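Student: I am new to this structure and would like to know how its descriptions are reached. Please show it, and then I will ask.

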Amino acid sequence: MTEKRLVHVERIPVRWGDMDAMGHVNNTVYFRYMEQTRISWFEALMPRGEAWGSTGIVIVNASCNFRKPINYPGTVEVRMYAGPPGASSLPTSYELFVDKQIHADGEAKIVFIDMDKQKAIRIPENLRAKMA
């Protein structure tokens, strides 16, 4: 992704239950860390109480590069970046740090939707302005 900018940082405690039989955080949990960051960003972007009312977001693809295992105890700092918005979508990328060392990075393409119709919509102008 070119032209990305930092839009949100989330700090998430690693839970004991995040680990798997191998003794490190399970691969699927990395996606949950990115998801929690994305949801927190979206809820901060929307006026209070409007997120998930008429407008929501879904992802159409996601990827993750696992660089180092994450272990309990610890805190994951997830940095979320956004690229230039399209008509209804926004490319995002993520970096997951523990103790200032990168452990994973990933991407997800967000699509804005009408919550009632469950269909893609043009990014509302008020949100587009906040993302600029």
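Student: In which sense do β3 and strand β4 pair, and over how many bridges?

Tutor: This is a predicted model, in which local features need pLDDT of at least 70 and side-chain atom pairs count only at pLDDT 80 or more, while totals for chains, interfaces and linings use all residues. Residues are numbered from 1 along each chain as its sequence is written, and side-chain values use heavy atoms, with hydrogens and water left out. β3 and β4 (residues 89-98) pair in the antiparallel sense over six bridges. Two strands pair if DSSP finds at least two bridges between them, so six bridges meet the rule. Arg79 stands opposite Glu95 in β4, and six residues lie between the two strands of this hairpin.

Student: What makes a stretch a strand or a helix, and how many of each does the protein have?

Tutor: Both are DSSP runs, numbered from the N terminus: helices are H or I with at least four residues, strands are E with at least two. The protein has two helices and six strands, in the order β-α-β-β-β-β-β-α along the sequence.

Student: Why is the protein called as compact as a globular protein of that length?

Tutor: The radius of gyration is taken over C-alpha atoms, and the globule rule is 2.2 Å times the number of residues to the power 0.38. The rule gives 14 Å for 132 residues and the protein has 15 Å, which is close, so the description holds.

Student: Why is β3 called largely enclosed by the rest of the structure?

Tutor: Buried means under 20% relative accessible area, exposed over 50%, and partly exposed in between (1.4 Å probe, protein chains only). Six of the eight residues of β3 are buried, so the strand is largely enclosed. β3 is also joined to β1 by eight bridges, the two running antiparallel, and Arg5 stands opposite Ala82 in β3.

Student: What makes Trp16 and Tyr72 an aromatic pair that is edge-to-face?

Tutor: Rings of Phe, Tyr and Trp (its six-membered ring) pair if their centres lie within 6.5 Å; planes under 30 degrees apart count as stacked, over 60 as edge-to-face and the rest as tilted. By this rule the count comes to four aromatic pairs. Trp16 and Tyr72 are 5.5 Å apart centre to centre, with 90° between the planes, so they pair edge-to-face. The pair links distant parts of the chain, 56 residues apart: Trp16 is in the loop between β1 (5-13) and α1 (27-45), Tyr72 in the loop between β2 (55-66) and β3 (75-82).

Student: How do you know whether Trp16 and Tyr72 are exposed or partly exposed?

Tutor: Trp16 has a relative accessible area of 62%, so it is exposed. Tyr72 has 39%, so it is partly exposed.

Student: Why is Arg128 called buried, and what does its side chain reach?

Tutor: Arg128, in helix α2 (residues 125-131), has a relative accessible area of 16%, which is under 20%, so it is buried. Its side chain reaches the backbone oxygen of Gly86 at 3.0 Å.

Student: Why is Thr55 called buried, and where is it?

Tutor: Thr55 is in strand β2. Its relative accessible area is 9%, so by the under 20% limit it is buried. Leaving aside neighbours within four places in sequence, Thr55 is in contact (heavy atoms within 4.5 Å) with residues including Phe42, Phe112 and Leu127.

Conventions:
A polar contact is a pair of N or O atoms within 3.5 Å; within protein, one must be able to donate a hydrogen and the other to accept it, and residues adjacent in sequence count only if both atoms are side-chain atoms.
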